[in-house]
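Trainee: I have this one open and want to go through it with you. Where do we start?
Mentor: With the terms, then the parts one by one.

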Amino acid sequence: MFSKAAVICPHCLRELKLSNMKFFCVPDEDNRHEVKLSFVDKIKGRLPVCKRRFCRNHGMTIREASCKNCGEPLPPQFLFHDKYLSLCALGVAGAGKSSYMTTLLHELRYSGLPWILQAMDVETTRRAQLNEQYIYEERHCLRGTESGTSPKPQLWTIMDNSVKGDKVPTYALTIYDGAGEDCEHIDYTPLDSKISLYLSGSKMLLIMFDPLLLSSVRAELTHETLNASMATERQTSAPGNMVGMVNSLANYIRRNCNIPPGKRIDRRAAVVITKLDALTEMLNGFSSDATILKESPHIHNRGFVESDSKMVDLEIRDWLTRQGETAFLGAIDANFKEVRVFGVSSFGRPPDIRKRLARIRPHRVLDPLMWLLAGEGIIPIRN
Ligand SMILES: Nc1nc2c(ncn2[C@@H]2O[C@H](COP(=O)(O)OP(=O)(O)OP(=O)(O)O)[C@@H](O)[C@H]2O)c(=O)[nH]1
Ligand SMILES: [Mg+2]
Ligand SMILES: [Zn+2]
Ligand SMILES: [Zn+2]
């Protein structure tokens with residue numbers, strides 16, 4: 001049976017009904033033919049069956065589909081999920097978005113959660129393997145994500161093995177990790193209209209904030225840590241850009257979703273401070289018994305520990321206020337209805353001067369995702 005949850009095409013983000021899909025029977029590599037839905041299929045919400053005489057798939061249910069709106073292929077797993085989760089990572093170039101996404105996926109897979117993570121298409125598999133190999137095997141920092149190209153979302157399915165019974169709940173997770181350079185010009189470059197679609201279509205925005213752009217932080221860190229922890233290509237984006245980015249991002253979403261100015265956007269916004277490992281050098285940083293420096297309790301507690309997350313949110317807000325960054329916090333709170341601040345380190349410690357990494361020990365990278373999952377009722381909230 002076709003998924004009852006609202007299915008959204010992961011490519012063009014338009015709602016998908018069965019009648020918006022084209023189905024293909026592929027009996028072998030060189031042959032494919034379209035299979036139309038019958039009247040009964042449409043009424044029953046059923047996938048079509050090949051009825052072509054002499055086709056070797058005759059009588060079989062057809063799962064190869066593409067979206068009629070945009071023509072892109074729809075992975076078969078996509079049609080059967082119970083919940084659709086989508087994340088969109090935003091932040092200036094070099095903020096740490098791609099490194100974060102790589103370690104997030106790795107942790108999702110290996111942290112002991114009873115979940116099975118599977119890529120839905122070849123492009124997602126390829127990209128994840130490349131990034132994973134770069135960081136975990138070659139132990140090297142990633143190169144910047146290419147800007148100005150049509151962004152492809154990464155398509156994943158999560159199967160939730162913690163639930164007993166015949167039916168394994170399945171979630172579709174799409175991740176959009178674009179180039180920071182494109183985010184910085186969101187409001188005034190007529191870039192790919194796809195970026196705007198991903199923004200307005202995501203359930204949760206991850207607004208990645210690079211603390212190493214703050215002048216108060218830069219004044220306290222050694223040159224080695226700074227150089228190793230910044231993207232080499234471009235590292236001059238001023239923190240002021242983040243306030244501008246948040247405001248133009250909000251305007252953009254309002255326009256696309258028809259939300260009047262002055263009304264808060266009804267969307268989860270996770271503000272994620274990256275590269276936390278570099279801040280431990282700071283005297284004016286976090287106190288050594290701060291919650292944020294402790295290990296994340298969520299996985300261990302098999303749920304989202306609200307009190308821990310609220311404490312971390314408070315500690316970072318306090319820290320940002322001490323750095324004089326109230327404008328950024330103000331911009332986020334004024335634009336989004338549900339905001340939570342997180343702090344992560346993807347690598348666990350800064351790269352060396354040659355951008356080589358030590359053993360990867362991510363810190364709190366799953367926290368923002370756990371917040372989203374709790375909000376969707378997928379994992380319980382614990383106090
Ligand atoms: N110390 C430290 N540095 C990090 C961490 N994550 C990323 N970095 C540094 O930040 C640089 C940029 O990281 P990326 O993940 O490529 O950043 P991005 O946001 O994807 O950048 P664009 O693709 O250009 O938008 C890396 O080369 C590292 O030097 C971290 O957890 N700790
Ligand atoms: Mg990137
Ligand atoms: Zn589509
Ligand atoms: Zn056929």
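Mentor: Helices (H or I, at least four residues) and strands (E, at least two) are DSSP runs, numbered from the N terminus. This is a predicted model, in which local features need pLDDT of at least 70, side-chain atom pairs count only at pLDDT 80 or more, and totals for chains, interfaces and linings use all residues. Residues are numbered from 1 along each chain as its sequence is written, while chains are lettered from A and ligands numbered from 1 in the order in which they are written.

Trainee: Which helix gives the largest share of the shell around ligand 1?
Mentor: H2 does, with three residues. Helix H2 (97–110) and helix H9 (276–279) each supply at least two.

Trainee: And which residues come nearest to ligand 1?
Mentor: Ser 99, Cys 141, Gly 144, Thr 145 and Gly 180, out of 27 residues around the ligand. A residue is near a molecule or strand if its C-beta atom, placed from the backbone, lies within 6 Å of it.

Trainee: How do the shell residues divide by class?
Mentor: Twelve are nonpolar, twelve polar and three charged. Ala, Val, Leu, Ile, Met, Phe, Trp, Tyr, Cys and Pro count as nonpolar, Asp, Glu, Lys and Arg as charged, and the others, Gly among them, as polar.

Trainee: Back to H2. At what angle does H2 cross H3?
Mentor: Roughly 95°, and the axes of H2 and H3 (residues 122–137) come within 10 Å. Axes are lines fitted to C-alpha atoms, for helices over the stretch in contact, and angles run from 0 to 180 degrees between N-to-C directions.

Trainee: What residues make that contact?
Mentor: On H2, Ser 98, Ser 99, Thr 102, Leu 105 and His 106; on H3, Ala 128, Asn 131, Glu 132, Ile 135 and Tyr 136. Contact means C-beta atoms, placed from the backbone, within 7 Å. By class, that is four nonpolar, five polar and one charged.

Trainee: New topic. Why is H12 called largely enclosed?
Mentor: Because seven of the nine residues of H12 (residues 367–375) are buried. Buried means 20 or more other C-beta atoms within 10 Å of the residue's own, exposed 12 or fewer, and partly exposed in between, with C-beta atoms placed from the backbone. Trp 371 is among the buried ones. Just after H12, Gly 377 has a positive phi of about 75°.

Trainee: Which element has the lowest mean pLDDT?
Mentor: Helix H5 (residues 193–201), at 71, while strand E11 (residues 304–305) has the highest, 97. pLDDT is the predictor's confidence in each residue, from 0 to 100. The chain's mean is 86.

Terms used: Two residues are in contact if their C-beta atoms, placed from the backbone, lie within 7 Å.
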